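User: Can you walk me through this one? I'd like the fold, then the ligand site.

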Amino acid sequence: MEKQREEWQSKIGFIFAAAGSAIGLGNIWRFPYMTGLNGGAAFVLIYLIFAVTIGLALMLAELTLGRRSRKNAYGAFTTVIPGTRWRWVGALGIFTGLAILSFYSVVAGWTVGYIFKTVSGQFVGLTGSDQLKAIFLDLVGNPWTAIGLHGLFIALTILVVLGGIAKGIERWSRVLMPVLFALLILLAIRSLTLGPGVEKGLKFYLKPDFSKVGIETLITALGQALFSLSLGMGAMITYGSYVSKSDNLVTSATTVVFFDTLIALLAGLVIFPALFYIGLEPQGGAGLVFMVLPLIFDKIPGGLIFGTGFFLLLSVAALTSTISLLEVPVSYLIDEKKWSRKLAAIGTGVVAFLMGIPSAISQGANPFLSKLPLIDLSFLDFMNALFGNYSLTIGALLISIFVGWVWGIHNAVQEVEQGNPQFRYRKVWSVTLRYVAPICIVIILIYIIVTGKFF
Ligand code: PHE
């Protein structure tokens with residue numbers, strides 16, 4: 001008899017854990033940064049459409065495949081169809097998870113650095129955007145600090161993953177996510193009332209200008225939706241494998257997509273008004289939100305406490321995401337290679353740490369890594385685009401084909417119905433997963449190949 005697989009301790013515990021995976025730097029760091037680079041409101045609208053169509057359908061598909069197979073991202077494929085070559089989709093997902101973790105934890109490290117910067121009063125009495133930039137570059141431009149904080153974050157992630165599923169992750173997510181949410185609302189209100197310039201920010205963020213939409217906008221918006229929802233690499237297959245058969249996967253998936261999207265939209269409302277108020281460029285890149293947030297704290301009574309609290313919560317939100325990233329290779333090694341949880345967590349954590357070093361030193365300090373030849377991106381931006389946009393998009397394409405056609409929508413629907421006997425949206429789900437998702441993705445990818453506009 002195989003040992004019974006661990007399960008989330010309650011339905012709400014699972015929703016918090018899945019939302020914890022989804023909500024993180026993707027919403028608060030990556031979403032405004034991508035929106036800024038891609039011209040604002042039109043990007044936001046396209047992102048929204050992708051999130052509620054392809055995103056929601058794929059969320060349900062991954063959770064369903066995970067629960068049916070009760071396996072990791074790789075084993076899930078071979079469990080529902082023994083020996084299938086589609087297992088390589090799982091392998092791609094596992095590698096993508098490690099690659100994303102490698103640069104994600106670098107940015108999470110900056111967040112930790114900002115806790116200390118805020119607490120030590122470095123942002124009090126700011127004079128302008130140059131100072132905000134200088135403080136950011138001072139942190140990320142020092143290779144030892146950047147690598148050290150990155151290492152610290154990986155170590156924290158390993159520690160939580162070592163504690164196992166239910167105990168480690170659920171406990172964290174439950175309490176802190178609602179507080180982060182409340183704090184974001186407060187910051188949005190402050191940002192919107194800063195003064196002149198704020199309206200320009202709102203316009204940039206909310207009034208679409210479709211003349212700026214190109215093929216890059218589509219692939220980045222899709223990539224952003226997948227990244228933010230933790231889709232396309234098996235994180236939700238893995239989390240789904242711990243869900244009880246009696247849970248209603250449809251409501252779980254919908255809840256997660258709803259809150260994840262809400263938080264991203266809120267983050268934009270915090271960042272863009274303040275950004276235009278202080279006169280920074282929306283194309284600021286990876287450092288964008290780190291340059292804008294301290295400004296808002298400086299303009300709030302008790303900003304030191306709010307600021308410190310915010311970066312602390314953001315670090316926790318990032319941690320609940322890095323946990324899910326690390327859990328993907330870890331559960332693979334435990335299920336398929338019979339490694340102990342301890343060895344798997346430490347081993348993969350160290351690999352992600354080493355892979356992240358080039359990203360950590362790519363922000364200004366290193367002339368080669370800060371501007372790679374030909375593509376003109378920093379190493380971190382390159383990893384972010386390659387794995388965050390392309391790998392996830394290809395993963396999403398293959399997973400939707402697998403669940404919709406290969407394993408088959410009937411089997412998938414049957415699994416959903418275990419916890420939801422009157423699955424009302426079966427038809428919509430089936431059409432989105434089998435047709436809308438693959439066709440849209442293929443068109444985008446072909447267009448990119450034809451135009452050669454990869455980055
Ligand atoms: N969704 C997470 C975030 O928004 C990042 C993530 C991507 C986590 C892919 C797991 C898998 O921060």
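Analyst: Helices here are DSSP runs of H or I with at least four residues, strands are E runs of at least two, and both are numbered from the N terminus. By that count the chain has 18 helices and zero strands. This is a predicted model: local features need pLDDT of at least 70, side-chain atom pairs need pLDDT 80 or more, and totals for chains, interfaces and linings use all residues. Residues are numbered from 1 along each chain as its sequence is written, and side-chain values use heavy atoms, without hydrogens or water.

User: Which residues are the closest to the ligand?

Analyst: Ala 22, Gly 26, Tyr 104, Phe 227 and Ser 230. In total, 14 residues surround the ligand, each with a heavy atom within 4 Å of it.

User: Which helices supply at least two of the shell residues?

Analyst: α1 (11-22), α2 (25-37), α10 (215-228) and α14 (303-337).

User: How much of the ligand does the protein bury?

Analyst: 100% of the 320 Å² that the ligand exposes when taken alone, by Shrake-Rupley with a 1.4 Å probe.

User: Back to the whole chain. What box do the C-alpha atoms fill?

Analyst: Roughly 65 × 50 × 45 Å, along the principal axes.
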